[in-house]
Amino acid sequence: QSVSEHSEDFEWCAPSGGTTIFPRLIGRASATAYTKHLAADRTGADGTASEAGGLMLVPSSAFEFGDERVRFGVGRADVPRGLERLRSMHRAAIAAARKSLENDGRAQEKQKKQRR
């Protein structure tokens with residue numbers, strides 16, 4: 001339900017079963033930046049996976065599948081707490097994800113100008 005509450009930010013199909021979804025972030029946004037922002041102090045050693053309460057979040061870059069999707073896995077003991085944390089932090093996380101790509105774009109443009 002939490003992802004469907006933010007249909008302006010995610011494109012996804014509800015699964016017919018299971019405990020995992022793989023929604024695409026709408027617009028220019030980095031899934032890696034999104035998960036890192038939500039992870040705060042819960043980021044894994046490689047910086048890609050995070051646990052937010054009862055949710056496991058992994059950016060699609062960890063699967064070599066671009067950087068626009070987030071794997072949401074549920075099934076842990078404290079799913080309600082994880083969903084509440086996601087609801088409370090989503091706006092800031094999506095803003096950080098979009099800003100990350102804007103900054104990357106600016107850096108790439110700067111590099112192109114320097115090469116000329």
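## Aromatic pairs

Let's start with the rings: there are 4 aromatic pairs in this structure. Keep in mind as you look around that this is a predicted model.

One of these pairs is F10 with F72. Their ring centres sit 5.9 Å apart and their planes meet at 80°, so we call the pair edge-to-face, a label that goes to planes over 60 degrees apart. Now find the two residues in the chain: F10 belongs to strand 1 (residues 10-11), while F72 belongs to strand 6 (residues 70-73), so this pair ties together parts that are 62 residues apart in sequence.

Are F10 and F72 buried or exposed? F10 has a relative accessible area of 4%, so it is buried. F72 comes out at 5% relative accessibility, so it counts as buried too. The cut-off for buried is under 20%.

Next up are F22 and F65. Here the ring centres are 5.7 Å apart and the planes are at 40°, so this pair is tilted. F22 is found in the loop between strand 2 (20-21) and strand 3 (24-25), and F65 in the loop between strand 5 (55-59) and strand 6, so the pair ties together parts that are 43 residues apart in sequence.

What about cover? With a relative accessible area of 30%, F22 is partly exposed.

## A nonpolar patch

Together with F63, they make a nonpolar patch of about 300 Å².

Terms used
Residues are numbered from 1 along each chain as its sequence is written. This is a predicted model: local features need pLDDT of at least 70, side-chain atom pairs count only at pLDDT 80 or more; totals for chains, interfaces and linings use all residues. Side-chain values use heavy atoms; hydrogens and water are left out. Rings of Phe, Tyr and Trp (its six-membered ring) pair if their centres lie within 6.5 Å; planes under 30 degrees apart count as stacked, over 60 as edge-to-face and the rest as tilted. Helices (H or I, at least four residues) and strands (E, at least two) are DSSP runs, numbered from the N terminus. Buried means under 20% relative accessible area, exposed over 50%, partly exposed in between (1.4 Å probe, protein chains only). Patches are made of residues with over 30% relative accessible area and no salt bridge: like charges are joined within 9 Å, nonpolar side chains (Val, Leu, Ile, Met, Phe, Trp, Tyr) within 5 Å. Accessible areas come from the Shrake-Rupley method with a 1.4 Å probe; for residues, only the protein chains shown count as cover. A salt bridge is a side-chain nitrogen of Lys or Arg within 4 Å of a carboxyl oxygen of Asp or Glu.
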